[in-house]
Amino acid sequence: HLVESGGGLVQAGASLRLSCAASGRTFSSYNMGWFRQAPGKEREFVAVISAYGGLTSYRDSVKGRFNISRDNDKQMVYLQMNDLDPEDTAVYSCAGGVVFTTEWRVYSNWGQGTQVTVSS
């Protein structure tokens, strides 16, 4: 079970930190990803972190602005988003999966999402 929080309405250039709280005893076995979906668009990959945090991957448009991290003791995954742009506006969801991949269709466990709106 995954629950996201931290979304909101901000101006361009601002920062937000999204959190994803997980429950279950196998959290540290899962690769965790952040994905987003804007109105009328397909869901897209944002960032992924491996089970123990040693590997990360980012969408090209967020490299250098976003940072994914995790705390396995707290069963939390975070997405620090800096220098936000209106193009980042979307519902952001976290997901867990057994494969380290940017392909959202592979992930089996999803949260309900949190809205991020960036005004210009």
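Visitor: Which residue in β5 does Gly33 stand opposite?

Guide: Gly33 stands opposite Val48 in β5. This is a predicted model, in which local features need pLDDT of at least 70 and side-chain atom pairs pLDDT 80 or more, while totals for chains, interfaces and linings use all residues. Residues are numbered from 1 along each chain as its sequence is written, and side-chain values use heavy atoms, without hydrogens and water.

Visitor: What makes β4 and strand β5 (residues 44–49) a pair?

Guide: Two strands pair if DSSP finds at least two bridges between them. Five bridges join β4 to β5, and the two run antiparallel. Strands themselves are DSSP runs (E, at least two residues), numbered from the N terminus. In the hairpin of β4 and β5, six residues lie between the strands, and Gly40 takes a positive phi near 80 degrees.

Visitor: How many bridges join β4 to strand β9 (residues 90–97)?

Guide: Seven bridges, again with an antiparallel run. In that pairing, Arg36 stands opposite Tyr92 in β9.

Visitor: Why is β4 called mostly covered?

Guide: Buried means under 20% relative accessible area, exposed over 50%, and partly exposed in between (1.4 Å probe, protein chains only). Six of the seven residues of β4 (residues 31–37) are buried, so the strand is called mostly covered.

Visitor: Why is Tyr107 called buried?

Guide: Tyr107 has 5% relative accessibility; the limit is under 20%, so Tyr107 counts as buried.

Visitor: Why is the pair of Tyr107 and Trp110 called edge-to-face?

Guide: Rings of Phe, Tyr and Trp (its six-membered ring) pair if their centres lie within 6.5 Å; planes under 30 degrees apart count as stacked, over 60 as edge-to-face and the rest as tilted. Tyr107 and Trp110 are 6.5 Å apart, centre to centre, with 70 degrees between the planes, so the label is edge-to-face.

Visitor: Which residues form the aromatic cluster?

Guide: Phe35, Phe45, Trp104, Tyr107 and Trp110 form one cluster. The structure holds five aromatic pairs. One of them joins Trp104 and Trp110, edge-to-face at 6.5 Å and 75 degrees.

Visitor: How do you know that Arg43 lies over the face of Trp110?

Guide: A charge sits over a ring if NZ of Lys or CZ of Arg is within 6 Å of the ring centre and within 35 degrees of the ring normal. Arg43 is at 4.0 Å from the ring centre of Trp110 and lies over its face. Arg70 lies over the face of Phe27, at 4.6 Å from the ring centre.

How values were computed. Helix = DSSP H or I, 4+ residues; strand = E, 2+ residues; numbered from the N terminus.
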